[in-house]
Amino acid sequence: MRTHRLGWTAWARPADIADLLRLSVPIAFSRMSQMLMAVTDAIVLGQHAPGELPYILNSWLPMGVSLGLGLGVLLGVQVLTSELLGVGREHESGRIFRRGLRTSIWLGFLLMAVVYFSADALFSWLFVEIAPPADVVDQVSPEAVAASVADVTQVLSFGLVGFMISTVCGYYLEALRRPLLVSCVMYLGVFVNAGIDLALVGGYWGFERMGAEGVAWATTGSRWFITLLLLGAVLLLTPALKNAPAGPADEAGRQLSVGTGTAISNVAEWGGFNLTFVIATWISLAANSVYGYAIQIMGLCFMFYLGIATATSVRVAEAFGRRNLEEMRDAGRLGVAATILMGVGLGIVLIVFNDTLAGFLVKEDAVINGVHLASGIAALLVMASVVTVFDGLQATASFALRAQEIVWSPSLIHIGSFFLVMLPACYWLGIVESRGARGMMEGVFIGVFTAGVLQTVLLEWKTARQPSRRAV
């Protein structure tokens with residue numbers, strides 16, 4: 001293995017580690033803000049209306065698929081802008097942003113219409129016709145569960161256009177190496193979201209409590225607040241509106257195709273994970289709540305990995321733009337190593353502070369149909385400490401592959417791991433074997449372990465086989 005003259009392996013040079021941290025830390029905190037909104041929603045519900053968390057979690061089936069699709073389709077903005085930056089032509093990137101902005105607007109309106117008008121039929125089919133929740137028949141009718149989830153989903157759909165526009169803006173600013181600006185805006189959104197949550201769910205400042213629907217309005221309102229701030233920053237601080245020479249003939253196609261593979265993977269991953277909430281609801285509302293709170297914490301951990309994955313993608317894309325295949329390999333390997341180290345640290349935190357985290361999420365005496373939520377969540381967090389490592393690996397490796405325009409192989413791995421492995425495992429262990437929320441987490445582990453190992457092996461195999469040559 002090639003080594004640095006001070007003994008460092010080539011992919012772990014101090015300068016490269018510093019560059020990865022400089023990019024990944026603000027990106028991780030920026031991405032974490034999105035999950036912090038969800039966790040804030042869950043905490044406020046856990047303190048004021050813990051029985052309504054399943055309505056929010058199940059609403060993310062169509063919403064999560066829509067967001068994952070948008071994040072993938074629009075990813076080309078970041079990849080192509082990074083390539084231009086890598087060769088010193090970032091002043092031409094305005095055409096990339098404008099193309100992405102147009103796509104984000106029509107995609108946002110299309111997805112909003114689909115989600116809004118399909119919500120009633122979708123959840124009626126899932127919770128009334130297929131399998132009504134086992135423990136709610138005598139307390140909350142399946143029809144009421146379906147109607148409540150549909151109402152929440154329709155409110156959330158109003159934020160889809162704003163989400164798509166803010167995604168393009170965030171990608172563009174991060175690719176131009178301004179991730180700290182994105183982080184600041186996102187955390188302002190977190191505070192706005194928390195304030196609306198307290199007003200509409202907690203009943204503060206004289207507002208009437210709305211439960212899960214109040215959480216949905218908080219998410220939608222804060223999303224539009226973030227959109228306006230990010231769009232203003234892009235227009236004022238970047239070359240977004242500057243005239244630029246026409247790009248290569250295949251540039252528009254590349255911008256869409258790079259993101260299309262990611263979109264398919266996101267739909268598989270996000271759709272798969274959100275379908276597990278439906279399976280958990282088929283077990284019981286209590287199982288959904290325990291499992292759902294544990295997944296919320298896993299999602300918070302995933303934002304750290306997403307920071308590393310995105311920073312790795314930017315570094316690999318810059319090297320790809322320079323056609324420096326040696327740097328591409330080093331950037332990918334450093335990202336994988338950083339993900340493993342981060343996973344070990346986060347796993348220790350989940351094990352040591354599992355009871356504290358569970359008590360923070362829900363009231364100590366919160367009970368649904370005889371199930372004590374806090375103790376159940378604490379037990380699942382110990383399992384999640386292992387699951388989360390492989391969840392991070394699959395993200396970092398797949399991002400590094402797509403930055404090299406290796407698109408379809410990672411997508412196929414995601415589809416197979418989440419739909420053909422994870423969902424059947426969750427159903428079998430959670431329902432057939434009657435292991436409840438614990439069985440759900442065991443099924444998730446099987447799925448993400450498969451995805452993490454396969455994506456990492458594929459990354460090493462693909463990059464190791466490429467001939468190294470310096471850019472001219």
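**Contacts, ring pairs and cores**

Trainee: Leaving aside neighbours within four places in sequence, which residues is Asp391 in contact with?

Mentor: In this predicted model, Asp391 is in contact with Glu269, Phe273, Met298, Phe302 and Val448, once neighbours within four places in sequence are set aside.

Trainee: Where is the place of Asp391, and is Asp391 buried or exposed?

Mentor: Asp391 belongs to helix α13. Its relative accessibility is 5%, so Asp391 counts as buried.

Trainee: Turning to aromatics, how many aromatic pairs does the count come to?

Mentor: The count comes to 10 aromatic pairs. One of them joins Phe97 and Tyr172; this pair is tilted, with 5.1 Å centre to centre and 35 degrees between the planes.

Trainee: What does the pair of Phe97 and Tyr172 tie together?

Mentor: Phe97 lies in helix α4 (residues 94-130) and Tyr172 in helix α6 (residues 160-175), so the pair ties together parts 75 residues apart in sequence. Both Phe97 and Tyr172 are buried.

Trainee: And why is the pair of Phe390 and Phe449 classed as it is?

Mentor: The ring centres of Phe390 and Phe449 are 4.8 Å apart and the planes stand at 65 degrees, so the pair is edge-to-face. This pair links distant parts of the chain, with Phe390 in helix α13 (residues 373-403) and Phe449 in helix α15 (residues 436-464), 59 residues apart.

Trainee: Is Phe390 buried or exposed, and what is the relative accessible area of Phe449?

Mentor: Phe390 is buried, at a relative accessible area of 18%, whereas Phe449 is partly exposed, at 37%.

Trainee: Which residues do ring pairs link into a cluster?

Mentor: Tyr116, Phe117, Phe158 and Trp217 are linked into a cluster by ring pairs.

Trainee: Let us move to helix α2. What should its 21 residues span?

Mentor: Helix α2 (residues 53-73) should span 30 Å at 1.5 Å a residue, and its end C-alpha atoms are 30 Å apart, which agrees.

Trainee: Where does α2 bend?

Mentor: The bend is at Leu61 and amounts to about 45 degrees; a proline, Pro62, follows within four residues.

Trainee: How many residues of α2 are buried?

Mentor: Of the 21 residues of α2, 18 are buried, so the helix is largely enclosed by the rest of the structure.

Trainee: How many residues has the largest nonpolar core?

Mentor: The largest nonpolar core has 136 residues, and those with the most contacts inside it are Phe127, Tyr291, Ile377 and Met441. Helix α10 (residues 285-321) supplies the largest share of this core, namely 20 residues. There is also a second, separate core of 5 residues, which includes Leu20, Leu23, Ala311 and Val314.

Trainee: How many disulfides does a search of the whole structure find?

Mentor: The search finds 0 disulfides. For Cys184, the nearest cysteine sulfur is that of Cys169, 16 Å away. Cys184 is partly exposed, with a relative accessible area of 46%.

How values were computed
Residues are numbered from 1 along each chain as its sequence is written. This is a predicted model: local features need pLDDT of at least 70, side-chain atom pairs count only at pLDDT 80 or more; totals for chains, interfaces and linings use all residues. Side-chain values use heavy atoms; hydrogens and water are left out. Rings of Phe, Tyr and Trp (its six-membered ring) pair if their centres lie within 6.5 Å; planes under 30 degrees apart count as stacked, over 60 as edge-to-face and the rest as tilted. Helices (H or I, at least four residues) and strands (E, at least two) are DSSP runs, numbered from the N terminus. Buried means under 20% relative accessible area, exposed over 50%, partly exposed in between (1.4 Å probe, protein chains only). Contact means heavy atoms within 4.5 Å. The expected span of a helix is 1.5 Å times one less than its number of residues. The bend at a residue is the angle between axes fitted to the seven residues ending there and the seven starting there. A nonpolar core is a set of buried Ala, Val, Leu, Ile, Met, Phe, Trp, Tyr and Cys residues joined through side-chain atoms within 4.5 Å. A disulfide is a pair of cysteine sulfur atoms within 2.5 Å.
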